[in-house]
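Please look over the sequence and the structure shown here before reading on.

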Amino acid sequence: MSEKIVIFGYGPGGRSLTERLVAEGRRPLITQRKRPKDLPPGVDFRASDVLDAAAVQAVTRGATHIVITIGFEYSTAVWRQSWPVAMTNLLKAARETGAKTLFFDNLYMYGPQNGPISETTPYARWGGKPAVRRAISDQWQAAAAKGEVVMSALRVPDFYGPGVSNSHLGDLVFGRLAQGKPAQLIAPPDTPHDFAYIPDVARAMALLLDLPAAEYGQVWHMPSAPTRTPRQLIALGAEALGQPARIQAIPQSLLPVLGLVTPFMRELHDMRFLFDRPYHIDGRKLTQRFGFEVTPFEVGIPQTALSYGRVIKPIPS
């Protein structure tokens, strides 16, 4: 049977995995509502809507692998409405095809924790988006436990890298530094926080895809380089750009006030537990299984910053 890898979504996760697979000589099929403008040559595309069960069935027909890297608007209301429908449709496709299915997931379902978060960490009760992620996690894990689907999840913390613009270490940080402007942070600059490098994430996804079916049904946490603070990472990027490491940070105490007039800030305040304490992800399970080595920040951060280019004269902020 010939390989057919169907990747739902072409955000940073889908794009980085596609680049990785193409480099390995493989040819995934990308699917989402609109054709991406930057598909690599030779990569196939087929339009579909993950909320349309018939469309999901059609695009996955004959699939050997399904990869879920979709995202929805950063809104609790949208997530509550869309994620259960999407997961139901994707699980139906996984059942009917028998495809090995990998979910590019986050770690919201754990809620606030005060220590390293491993695959065995109990979920904390927290509403909003974490509750949605808990529900869809329970949904696919129940199907996997019953033997209905062959599915696993890679849970990834905040990530960064070239092409990852909508990130805590993206346009507002290195993009602005490259223009000679201060980096803008919503997160506290001096709270330790794990960040994964997106090419490492793609490498991990490719490894998990190729596991035998007997090793599916698991949750894996993405390992990161040893934890740093955002300020330390910004300093590495600023040095590579030849710019001063100036930072404008929004005090966490202002988020509730800003949320009264800005819906996005209200959504961020709901997720404050990600940054109001040190955030450490235990990725040893994946590291030990594959002998996986992550990219040091001293390599990944300069590459990310330099992807925004250099400036000759600072632009006034």
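Predicted model: local features only at pLDDT ≥ 70, side-chain atom pairs only at ≥ 80, totals over all residues.

Residues are numbered from 1 along each chain as its sequence is written, and side-chain values use heavy atoms, with hydrogens and water left out.

**Overall form**
- The protein has 11 helices and 11 strands, which are DSSP runs (helices H or I, at least four residues; strands E, at least two) numbered from the N terminus.
- Along its principal axes, the C-alpha trace of the protein spans about 55 × 45 × 40 Å.

**Surface and burial**
- Of the 317 residues in the protein, 52% are buried, meaning under 20% relative accessible area with a 1.4 Å probe and protein chains only.

**Nonpolar cores**
- A nonpolar core is a set of buried Ala, Val, Leu, Ile, Met, Phe, Trp, Tyr and Cys residues joined through side-chain atoms within 4.5 Å.
- The largest such core holds 41 residues, of which F8, I70, F103, W140 and M151 touch the most other members, and its largest share, eight residues, comes from α3.
- Leaving aside neighbours within four places in sequence, I70 is in contact (heavy atoms within 4.5 Å) with F8, G9, V50, W83, A86 and L90.

Technical notes: Buried < 20%, exposed > 50% of the residue type's maximum accessible area, 1.4 Å probe, protein only.
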